[in-house]
Amino acid sequence: MEEKILVVDDEEVICNILVRRLGREGYSCTTANNGKEALNHFYKSKYSLIISDMKMPEMTGIELLQKVKAIDPKMKMIMMTAYPEIDLAVNAMRLGAYDFIIKPADLDLIVMSVKKALESKRLEEEIEAYHNRLEEMVEERTAKLQQAYRFLKKSHLDSVKVLAEAIDAKDPYTRGHSDRVKRMSLAIARQMGFSEEKLENLEYGALLHDIGKIGIKDEILQKEGPLSKAEYKYIQEHPMIGVKIVEGVEFFKEKLPMIRNHHEHYDGNGYPDGLAGEAIPLETRIISLPDAFDAMTSARPHRGVIPLQDVLGELEKCKGKQFDPKIVDIFIQGKIYKL
Ligand SMILES: [Fe+2]
């Protein structure tokens, strides 16, 4: 691309000398005899460089420099003066001039300064383009990574859902149990102000709380009629079986208490550890309520469906005994049982 240079000097002769010499070097020049005219050219056309005299009527070279830099801070300007003063030179450089040349100047010196200025401009533009490209690449990669992350997360949750359905399928009377426990637990936790991260953790815990039932014999889980003491004890092993199944998996570390302790009672009379009150992790205290509620409202082979009002009355009675009273209140007042 041909480089365009704007030459500004109130002395026509100087303009002509510069234009001729720079033309020989292959540059295309436009001239202006004062700052105003120079600005008009600058607004209308794109220049690679401006060479300007300092002392001109109406608008000084410094004023022109300031106006140009205000519009295009990257514009290269070479200043020339026949009246060299150190303050003037310092001021021009401070305002962003590329070079300061004293007239009458050796034309070779001017050409050299022009070449250096253009080379420096080219490098700056290259670096800027490289940065922009880099930013674009980072954005592209980040978007791709985020997409892959969302996909992985969804696949992961989907496989856990499949696992939860497999658990529920072991017992035909609890079809959809894990999903209902998940929905109600999340609703309670939202009312308690859980963060997104904690909600996600709870979601997995609620879906998998009964994973240990995979290790319980079908004939006991599906037994019609009440369980014997020994059978009941056998079923009570499912939280610890669940722990054994998932304890080696890093991802499930935080979900372990929900699997291990979802049958603990607030008063300490639950199993397997006999934990009481706040010693039972909050997530686990939350899950145990919808878990029990859903079991009570599902028909069992040895009994019919218990009416909702009776179940809610039972929950009220169990406040502070089996359940955390705060969670019972949220569950009933927030009508979460309707979900
Ligand atoms: Fe359970």
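In which loop does lysine 255 lie? In this predicted model, lysine 255 is found in the loop between α10, which covers residues 238-246, and α11, which covers residues 256-260. The report returns to this residue after a description of the whole chain.

## The chain as a whole

The protein chain contains 14 helices and five strands. Its radius of gyration is 40 Å, whereas the globule rule gives 20 Å for 339 residues, so the chain is more spread out than a compact globule. Taken along the principal axes, the box that the C-alpha atoms of the protein chain fill is roughly 115 × 35 × 30 Å.

Of the 339 residues of the protein chain, 30% count as buried. When the contacts in the protein chain with a separation of 6 or more are considered, 61% of them are accounted for by residues 24 or more positions apart.

## Lysine 255 and its surroundings

Is lysine 255 buried or exposed? Lysine 255 has 25 C-beta neighbours inside 10 Å, and because a residue is buried if 20 or more other C-beta atoms lie within that distance, lysine 255 counts as buried.

Leaving aside residues up to four places away in sequence, lysine 255 touches Asn201, Tyr204, Gly205 and Leu208. One of these residues, glycine 205, is 50 residues apart from lysine 255 along the chain, and the C-alpha atoms of the two are separated by 5.1 Å.

## The pairing of α13 and α14

Helix α13 (residues 308-317) and helix α14 (residues 325-333) have axes that come within 10 Å and cross at roughly 155°. Since angles over 145 degrees count as roughly antiparallel, α13 is roughly antiparallel to α14. The crossing in which α13 passes α14 is left-handed.

Which residues make the contact between α13 and α14? On the side of α13 they are Leu312, Leu315 and Glu316, and on the side of α14 they are Val328, Phe331 and Ile332. The residues of this contact divide into five nonpolar, no polar and one charged.

## Two cis peptide bonds

Most peptide bonds are trans. The peptide bond from lysine 103 to proline 104, however, is cis, with omega near -5°. Proline 104 is found in the loop between β5, residues 99-102, and α5, residues 107-169.

A further cis peptide bond runs from tyrosine 271 to proline 272, with omega near 5°. Proline 272 lies in the loop between α11 and α12, the latter helix covering residues 282-297.

## Positive phi at two residues

Most residues other than glycine have a negative phi. Glutamate 58, which is not a glycine, has a positive phi near 70°, and this residue is found in the loop between β3 (49-53) and α3 (61-71). With 10 other C-beta atoms within 10 Å, glutamate 58 is exposed, because the exposed class takes in residues that have 12 or fewer such atoms.

Lysine 335 is not a glycine either, although its phi is positive at about 50°. Where does lysine 335 lie in relation to α14? Lysine 335 lies in the segment after α14, and with 9 C-beta neighbours inside 10 Å it counts as exposed.

Key
Residues are numbered from 1 along each chain as its sequence is written. This is a predicted model: local features need pLDDT of at least 70, side-chain atom pairs count only at pLDDT 80 or more; totals for chains, interfaces and linings use all residues. Axes are lines fitted to C-alpha atoms, for helices over the stretch in contact, and angles run from 0 to 180 degrees between N-to-C directions. Helices (H or I, at least four residues) and strands (E, at least two) are DSSP runs, numbered from the N terminus. Angles under 35 degrees count as roughly parallel, over 145 as roughly antiparallel, 65 to 115 as roughly perpendicular and the rest as oblique. A crossing is left-handed if the near helix is turned anticlockwise from the far one by less than a right angle, and right-handed if clockwise. Two residues are in contact if their C-beta atoms, placed from the backbone, lie within 7 Å. Ala, Val, Leu, Ile, Met, Phe, Trp, Tyr, Cys and Pro count as nonpolar, Asp, Glu, Lys and Arg as charged, and the others, Gly among them, as polar. The radius of gyration is taken over C-alpha atoms; the globule rule is 2.2 Å times the number of residues to the power 0.38.
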